[in-house]
Amino acid sequence: MATGLNPSYFVALSAALFCIGLYGAISRKNAIAVLVSIELMLTAVNINLVAFNKFLTPEAFIGQIFAIFVITVAAAEVGLGLAIVIAIYRNRKSVDLDDFDWMKW
Amino acid sequence: MSFDFSLLTTELAMFVLGLTTFVLGLVVPSGSRRGLGSFAVLGLLLVLGITVVNRSHQGELLNGMYLVDGYAAFFKILFLMAAILVIFGSFRYVDQHVGNHFEYYSTVIFATLGMIVMASAGDFITLYLGMELMTISFIILVAFRFIEGKSLEAGIKYLLLAAMSSAVTLYGLSLVYGATGTIIIGQVAQAVAGGGASPLLIVGLTMLVAGLGFKVAAVPFHMWSPDVYEGAPTPVTSFLAVGSKAASFAVLLRLFIGGLAELHGQWAMLVAVLAALSMLIGNLVAIPQTNIKRMLAYSSIAQAGYILVGLVAATEAGIKGVMFYAFLYVFATVGAFTVVAAVYNKIHSDEIADYAGLVQRAPLAATVMLVCLLSMAGIPPLAGFVGKFYLFKTVVEGYMWLVYLGLIMSMVSVYYYLRVVLVMFRDDPKDPSPIELGSATTLTLFIALVTTIVLGIYPGPLAEVANMAAQSFFLH
């Protein structure tokens, strides 16, 4: 099935998305925004996995199965993250990472 | 395809134990939950026995996705021992400072299960799942004292940085999959041997070093560890320092020596620089610390640097060195942190200055602390000396500068370790009342003390076991 698509497009897209996510995770000060940025990084991973699956091993679903696992685990991780954010908001009335300075950061 | 479940005995037993502990916690009235810890220790001892008896029952599952070999068995025994010592040594600390939450023990067991899966991982999905099971359990444990702000703060810092490092590791894994077309580590090795180094593979490799460097707390990916070590409950810190680190090293060796050995020329220098930086920064920044948990955190960064030396060598001797060091590191670290937890129970402080005159208040605790710290510094005849000898011996040819740096930095580390010893032995206590340890803690400290000394004087048997385990590594 010739679609005219080239794997390098997908790799470029995922690299761009990963860099945006990484930049966001490093520069944002709001804990929720950092969690969202990390989700972007994981989405970049999933694009990579599914694209490589299509172009490299179309007869086996390795990459797609991997992507499903990544999505599932990421959901668990974010669930835990939001729980901790709520607990720390009750304690500190803030979700700003700059306020979490009881210890030297 | 037949599936031999008997190879998974350890994993299934751990899973059942974790669930049973959890359900028991739900059923038992909150007044009698203290028994849960003893139940968990007994269960772990049983699983440890099963693992030791089954250690020579080896094989592969699902075309090499799950490897049950001597290498995995060695690490499984190590994780189980660490879990037992950590739980057994700190019943009182958990009662007083973590609170009466029944989830604590089952979460520790699930974290151990995650490490066990990591040690056996033969493909990227298993590796990722084991790593996340361990990491997510540890995030819960770090944030467990949620009444206290410090613990929560450590929890959120650990969560964000661990999630970021997982994403980086995953991106590296996806690139390696893209470059080789397979996720099974054994087949990756064949594909790399046939295809050579593509740019995709090199970028993937670098990301794997960064992501896993985070997990073992190697400089420059170490920023999380002092805060998390300080804020987490002390038994959790201890388990994080030994278990999480050893499991990440098990995976690092499997990936880099098992899968990417052909590219040794590309990554050896990178890892050597990480090792050198970890030794340098870890030891130098430990000097001005005043909190003992922070000091031990920086010292454990330095230890990660020493262990990385074994990865640089990428030989059977290097693997053996890593395994030997990881084993003795368990006893030295758990011993030191158990003392910290026991002292905190009485004086509610982790400041080094408050350890003044500890030898008069709790002679056994002070002695164990002395022996464990000297072992970490690598003073003969203690175990740490033999471990460092095995590690650095492997890189004498080719990376002599690393050996010199390791030697100099070990001498630097003696300075800050002895500072604690001086405070404990020379200074007079402000409050001379004795610190009671409790029988379980005493026994744990005694085990740590004896093992550290015996392994130093008589390292032969363990070295032989590590040697055989390292040989099984190359059979796939």
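1. Contact here means heavy atoms within 4.5 Å. By that rule, 45 residues of chain A are in contact with 44 residues of chain B. This is a predicted model, in which local features need pLDDT of at least 70 and side-chain atom pairs count only at pLDDT 80 or more, while totals for chains, interfaces and linings use all residues. Residues are numbered from 1 along each chain as its sequence is written, chains are lettered from A and ligands numbered from 1 in the order in which they are written, and side-chain values use heavy atoms, with hydrogens and water left out.

2. The size of an interface is often given as the accessible area lost when the parts come together. Chains A and B bury about 3,800 Å² between them, 79% of it on carbon and sulfur atoms; buried area is the accessible area (1.4 Å probe) that two parts lose on being put together, summed over both.

3. One salt bridge is counted between chain A and chain B, where the term requires a side-chain nitrogen of Lys or Arg within 4 Å of a carboxyl oxygen of Asp or Glu. Its partners are R92(A) and E153(B), at 3.3 Å from N to O.

4. On the side of chain A that touches chain B, α1 (7-27), α2 (31-56) and α3 (62-92) each supply at least two residues. Helices are DSSP runs (H or I, at least four residues), numbered from the N terminus. The largest share, 17 residues, comes from α3(A). By residue class, this side of chain A has 34 nonpolar, seven polar and four charged residues. Ala, Val, Leu, Ile, Met, Phe, Trp, Tyr, Cys and Pro count as nonpolar, Asp, Glu, Lys and Arg as charged, and the others, Gly among them, as polar.

5. Within chain B, helix α14 covers residues 316-347, and its 32 residues should span 46 Å at 1.5 Å a residue. The expected span is 1.5 Å times one less than the number of residues. The end C-alpha atoms are 46 Å apart, which agrees. Of the 32 residues of α14(B), 28 are buried, so the helix is largely enclosed by the rest of the structure. Buried means under 20% relative accessible area, exposed over 50%, and partly exposed in between (1.4 Å probe, protein chains only). H348(B) follows α14(B) and has a positive phi, near 55°.

6. Is N291(B) buried or exposed? N291(B) is buried, with a relative accessible area of 6%, and sits in the loop between α12 (264-286) and α13 (292-313) of chain B.
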